[in-house]
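Dear colleague,

Please find below the structure that I am handing over to you.

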Amino acid sequence: MGDVSRETPSAPPVTPEVARRVFSSARLPLIEAYAASLAAAGVVRGLIGPREVPRLWERHLLNCAVLGEVIPEGSSVCDIGSGAGLPGLVVAIARPDVRITLVEPLLRRTTYLSEVVEDLELPHVEVVRGRAEALHGRRTFDVVTSRAVAPLGRLLDWSMPLVAPTGVLIAMKGQSVADEVAAESQRLAKAGCSPAEVLEIGSDVVSPPSVVVRVAWADPSQVGWVGAPGQTPSRSKSRRSRGRKA
Ligand SMILES: C[S@@+](CC[C@H](N)C(=O)[O-])C[C@H]1O[C@@H](n2cnc3c(N)ncnc32)[C@H](O)[C@@H]1O
């Protein structure tokens with residue numbers, strides 16, 4: 001393992017016992033190194049606020065790690081708007097069985113992400129600098145994750161074109177997500193998605209539990225997303241190649 005915590009003005013946060021429920025003993029040193037890096041380099045480089053350090057485990061690392069509960073084994077995962085690596089890097093550390101693509105437009109953040117990936121030797125993680133929309137029509141994934149990136153409407157426009165026909169969007173959201181889901185329900189139905197599910201996960205690890213919205217295509221043979229007015233429509237090959245109408 002390299003030296004991701006070389007900028008170390010603040011002490012690394014103490015690992016809570018509950019972390020052992022979501023990280024195997026082999027992976028625990030990796031998440032501890034990442035926690036130390038966030039508390040040091042992450043703060044110095046303005047990637048997280050200094051006030052987040054005392055609550056790094058509960059509010060950020062564990063809160064993101066429980067996402068593993070809803071990610072099927074061996075999935076390809078795209079985390080859009082990863083920032084300093086939340087939740088994508090945490091999931092990558094907890095779950096060596098998945099392949100993770102971190103998509104983030106800002107150079108300062110992708111530089112940091114690439115450094116952590118290299119230092120922690122995470123060969124199953126790819127860092128892509130760019131906006132999620134830049135991958136539309138080029139890549140799809142089993143799972144598309146995000147946290148604190150955009151309101152649900154915009155998030156759907158950015159994420160759904162990346163969701164494989166049998167895949168899912170899993171967005172971490174706050175407790176008030178029900179209103180956002182209600183506002184988007186008609187558009188989801190029109191776009192051929194199943195009704196969005198709101199799930200509380202990780203209640204045995206974090207309090208309050210993490211809240212996620214899960215959206216899947218209703219019929220994998222009928223996949224295509226039309227963005228909100230003013231957005232570039234993004235359609236997957238699946239529907240086009242079958243010559244079906246939108
Ligand atoms: C508030 S930060 C959240 C970062 C991280 N997910 C977290 O929870 O700490 C939102 C991130 O989304 C990124 N972002 C904004 N628009 C994006 C887009 N269209 N595609 C991908 N990432 C985007 C920003 O650069 C920023 O890093």
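I begin with a loop residue. Ala 148 sits in the loop that runs between strand 4 (141-147) and helix 6. Although Ala 148 is not a glycine, its phi is positive, at about 55°. Its relative accessibility is 76%, so Ala 148 counts as exposed. Please bear in mind throughout that this is a predicted model.

Glu 121 is a further case. It is not a glycine, yet it has a positive phi of about 55°. Glu 121 belongs to the loop between helix 5 and strand 3, and its place is just after helix 5. With a relative accessible area of 55%, Glu 121 is exposed. As background, most residues other than glycine have a negative phi, and most peptide bonds are trans.

Leu 86 and Pro 87 are joined by a cis peptide bond, with omega at about 5°. Pro 87 is in the loop between strand 1 (76-80) and helix 4. Ser 207 and Pro 208 are likewise joined by a cis peptide bond, and omega there is about 0°. The loop that holds Pro 208 lies between strand 6 (197-201) and strand 7 (210-216).

For the chain as a whole, the figures are these. The chain has 246 residues, of which 54% count as buried. It contains 8 helices and 7 strands. Among contacts between residues at least 6 apart in sequence, 67% join residues at least 24 apart.

Helix 5 covers residues 107-119. The buried residues of helix 5 are Thr 110, Tyr 112, Leu 113, Val 116, Val 117 and Asp 119. These buried residues pack against helix 2, helix 4 (88-94), strand 2 (99-104) and strand 3 (125-129).

Two helix pairs may be described next. The axes of helix 2 (residues 28-44) and helix 3 (residues 56-65) come within 12 Å and cross at roughly 125°; the two helices are therefore oblique to each other. Their crossing is right-handed. On the side of helix 2, the contact involves Ile 31, Glu 32, Tyr 34, Ala 35, Leu 38 and Ala 39, which meet Leu 56, Trp 57 and Leu 61 of helix 3. The residues of this contact divide into 8 nonpolar, no polar and 1 charged.

In the other pair, helix 6 (residues 152-159) and helix 7 (residues 177-190) have axes that come within 9 Å and cross at roughly 45°. Helix 6 and helix 7 are therefore oblique to each other. Here Leu 152, Gly 153, Leu 156 and Asp 157 of helix 6 meet Glu 180, Val 181, Glu 184, Arg 187 and Leu 188 of helix 7. The residues of this contact comprise 4 nonpolar, 1 polar and 4 charged.

Finally, is Asn 63 buried or exposed? Asn 63, which is part of helix 3, has a relative accessible area of 16%; the cut-off for buried is under 20%, so Asn 63 is buried. Leaving aside neighbours within four places in sequence, Asn 63 is in contact with Trp 57, Glu 58, Arg 147, Met 172, Val 206 and Ser 210.

With kind regards

Definitions and conventions:
Residues numbered from 1 in each chain as written. Predicted model: local features only at pLDDT ≥ 70, side-chain atom pairs only at ≥ 80, totals over all residues. Heavy atoms only, no water. Axes fitted to C-alpha atoms, helices over the stretch in contact; angles between N-to-C directions. Helix = DSSP H or I, 4+ residues; strand = E, 2+ residues; numbered from the N terminus. Parallel < 35°, antiparallel > 145°, perpendicular 65-115°, else oblique. Contact = heavy atoms within 4.5 Å. Nonpolar A, V, L, I, M, F, W, Y, C, P; charged D, E, K, R; others polar. Left-handed = near helix turned anticlockwise from the far one by under 90°. Expected span 1.5 Å × (residues − 1). Buried < 20%, exposed > 50% of the residue type's maximum accessible area, 1.4 Å probe, protein only.
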